[in-house]
Amino acid sequence: MSALELALVYLLAAVLGVAACRWLKLPAILGYLVVGVLIEPHTLGLAFGQDAESVKHLAEYGVVFLMFVIGLEFNLPKLRAMRRHVFGLGLAQVALTMAIATTASIVLASVAAAQWSMSWQSALALSSALAMSSTAIVVKMMADRLELESEHGQRVMGILLLQDLAVVPLLVLIPALSANPERLFSALTLAGLKAALLITLLLAGGQKVMRWWLTLVARRRSEELFMLNLLLMTLGLAWLTERAGLSLALGAFICGALISETEFKYQVESQIRPFHDVLLGLFFITIGMLLDWRLVLWQWPHVLVLLIMLVLFKLALIASLAKWLGASAGVALRTGLYLAQAGEFGFVLLTLSRREGLLAPELFNPVLAAMVLSMLATPFIIMASNRVVMRLVASEWLQQSVQMTNIARQSINTSGHVVICGYGRSGQNLARLLKQEGIPYMALDLDPDRVRQAAAAGDMVAYGDAARQQALVAAGLGRASAVVLTYLDQHSVLNALATIRRLAPQLPVIVRTYSDRDLEKLHAAGATEVVPEAVEGSLMLASHAMALMGVPVRRVIRIVRDQRDARYRLLRGHFHGADDVSEDEMQEERLMTITLPPHTPKGLQLNEALVDAGDVHIVSLRRQGRVYPVVANDTTLEAGDTLLLSGKAEALAAAERLLMR
């Protein structure tokens, strides 16, 4: 098979695997792993031996770019903000996992040497791989489930951040462990000194040099030159650390950490992402290819025992540590369930241990199989976590009941209020404006720290998930006059819209979004109005630019108003008074309210009443003090109904004659 044919096989397999995972709403990493398992030489045999080895060398660059991105996201303020979870819970998890796993491996080797022959160096290397959890899978699923700011989400993120940092010294430790026993101490000492010296030199003066060099390159205004320099610096520092007897990944991490302190961080992150994703996908394909299914099937009892021991051990340890450090039983169990699997850095450390001769093939394959299977099971464990916690933790029912009671207690005396879903910057600004106008509101948010601070300041906000029926009912959805969704995650917005429309089909819902790309999808899901930030920002930029260019302010206001009228259905037109008599204003779209008289025929439908009215739009219907913004054509009218109509003067006059006769 030629190199081109091999590349086509890999690309086709990757496309099919990722497409299947996207269809099943699973992380793409699982698709890469399954593809690797299917095309490896002992399954479908599409990799063809020696060619696969060449791809493995290329896949090592996926690890380099993975470590580069981790370094790019590394920053001291984030560490300080999460120090209790990072250096408390995270450090305890990694240290205890390695200590217990190393001890258990040594004891098992002494008891069953025939099946589990291992030195303490090999046990330590293996335990470092088992201590890692999957950042890519867990963070993706928590983001989709809006759990990043929850109590268990913060603990999960703290542990994952410490694991990412722990990889750096472990990449130095494992090669040193492969030295001869008589030279082991000197090898560990030398490796530690090399790493400390190199990191100190790079971090002490490297930031200034990096900022100066990137500024110099950016002034040339060439994306190609900037990209080439970025690749040169990443691979150059990786080569430098490898020449120092350390690892490629360590240099890439340092390069990312240096760039993270400059103003070019976000530009670099966007430009390196395609290389990172493609090469990391290739890395996971080769991890799947490493599985020799003949050995795995022959040793399936070992694989099954390792899988169960790995998941249950990490689950019990992490849950116990979280509970010991102050988490409730439900939060502790969720944290353990989310992190019970192996991780992508575990594969990095495991393959490094194998390359350094610390793990024999007969042990490597069962351990690798157990790690792969644990990652494949992770999405299903996370999706079932709430049911597991509810079944096993009796206090969780009480805790959730207390949350719903707290929401209901705050909203019980309100009616005609606005339910604000998401109390970030946009939600808080909206709440202040509503408060100034004397309009009641009830806000829901999933960040416990933000909720605690805002509630202490007297804001009407409670901890709750806007996509959950219980939280919306407790917030008084049935008595509300409107709902505003202020967060930008479209998947969560669509879930919340589905729940709201099921509970209150006629309630107006305003949705905030970043751009106008998904307006039709959000309207179809039940949004009454969608406000794109990009559109509003462009209108403000245009109005300021025109004002500074000397365009009269009244004309600027009219232009902006016309643009908004064209985009927002609820803002089209305005109520006219006696002084609106110019010819231009007579041709503008305007608003009119019509209250149906007592002699309105029973059973009269809206489309029948306005059959000859022309181009008139029904904005809303007000009946017995309640406003319905969505009015169907076959709505039956009643005496006393107030219709808000939009259209030109002639069409509105015709509609008034038809409705009042």
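This is a predicted model: local features need pLDDT of at least 70, side-chain atom pairs count only at pLDDT 80 or more; totals for chains, interfaces and linings use all residues.
Trainee: Hi! Which residues have the most contacts inside the largest nonpolar core?

Mentor: They are Met 67, Phe 68, Ile 259, Phe 284, Phe 347 and Leu 350, and that core has 121 residues. A nonpolar core here is a set of buried Ala, Val, Leu, Ile, Met, Phe, Trp, Tyr and Cys residues joined through side-chain atoms within 4.5 Å. Buried means under 20% relative accessible area, exposed means over 50%, and partly exposed lies in between, using a 1.4 Å probe and protein chains only.

Trainee: Where does the largest share of this core come from?

Mentor: From helix H8, residues 151–177, which supplies 15 residues. Helices (H or I, at least four residues) and strands (E, at least two) are DSSP runs, numbered from the N terminus.

Trainee: Zooming out, how many helices and strands are in the chain?

Mentor: The chain has 29 helices and 10 strands. Of its 661 residues, 50% are buried.

Trainee: What about the sheets? What is the order of the 6 strands in the open sheet?

Mentor: That sheet runs S3-S2-S1-S4-S5-S6, with parallel pairing. Two strands pair if DSSP finds at least two bridges between them. Strands S3 (461–463) and S6 (529–532) are the edges, each pairing on one side only. Inside the sheet, S1 (residues 418–421) and S4 (residues 482–485) pair in parallel over 4 bridges, and Val 419 has Val 483 in S4 as its bridge partner.

Trainee: And the open sheet of 4 strands: parallel or antiparallel?

Mentor: Antiparallel, in the order S7-S10-S8-S9. Its edge strands are S7 (590–595) and S9 (626–628), each of which pairs on one side only. Strand S10 (residues 642–647) pairs with S8 (residues 617–623) over 5 bridges and with S7 over 6 bridges. Leu 645 of S10 is the bridge partner of Ile 618, and Met 592 also stands opposite Leu 645.

Trainee: Why is S10 largely enclosed by the rest of the structure?

Mentor: Because 6 of the 6 residues of S10 are buried. Thr 642, Leu 644 and Ser 646 point one way, while Leu 643, Leu 645 and Gly 647 point the other way.

Trainee: Which helix packs on that sheet?

Mentor: Helix H29 (residues 649–660) does, touching S7 and S10, and its direction makes about 5° with that of S7. For such angles, axes are lines fitted to C-alpha atoms, for helices over the stretch in contact, and angles run from 0 to 180 degrees between N-to-C directions.

Trainee: New topic: which residues of helix H18 are buried?

Mentor: In H18 (residues 385–392), they are Ser 385, Val 389 and Met 390. These three lie on the same side of H18, because they cover an arc of only 130° around the axis. The arc is that of the directions from the helix axis to the C-beta atoms. On the other side of H18, Arg 387, Arg 391 and Leu 392 are exposed.

Trainee: Is Thr 335 buried or exposed?

Mentor: Thr 335 counts as buried, at 0% relative accessibility. It sits in helix H15 (residues 329–338). Not counting residues up to four places away in sequence, Thr 335 touches His 152, Arg 155, Val 156, Ile 159 and Ile 318.

Trainee: Last one! How many disulfides does the structure hold?

Mentor: It holds 0 disulfides, a disulfide being a pair of cysteine sulfur atoms within 2.5 Å. As for individual cysteines, Cys 21 is buried at 8% relative accessibility, and Cys 421 is buried at 0%.

Key:
Residues are numbered from 1 along each chain as its sequence is written. Side-chain values use heavy atoms; hydrogens and water are left out. Contact means heavy atoms within 4.5 Å.
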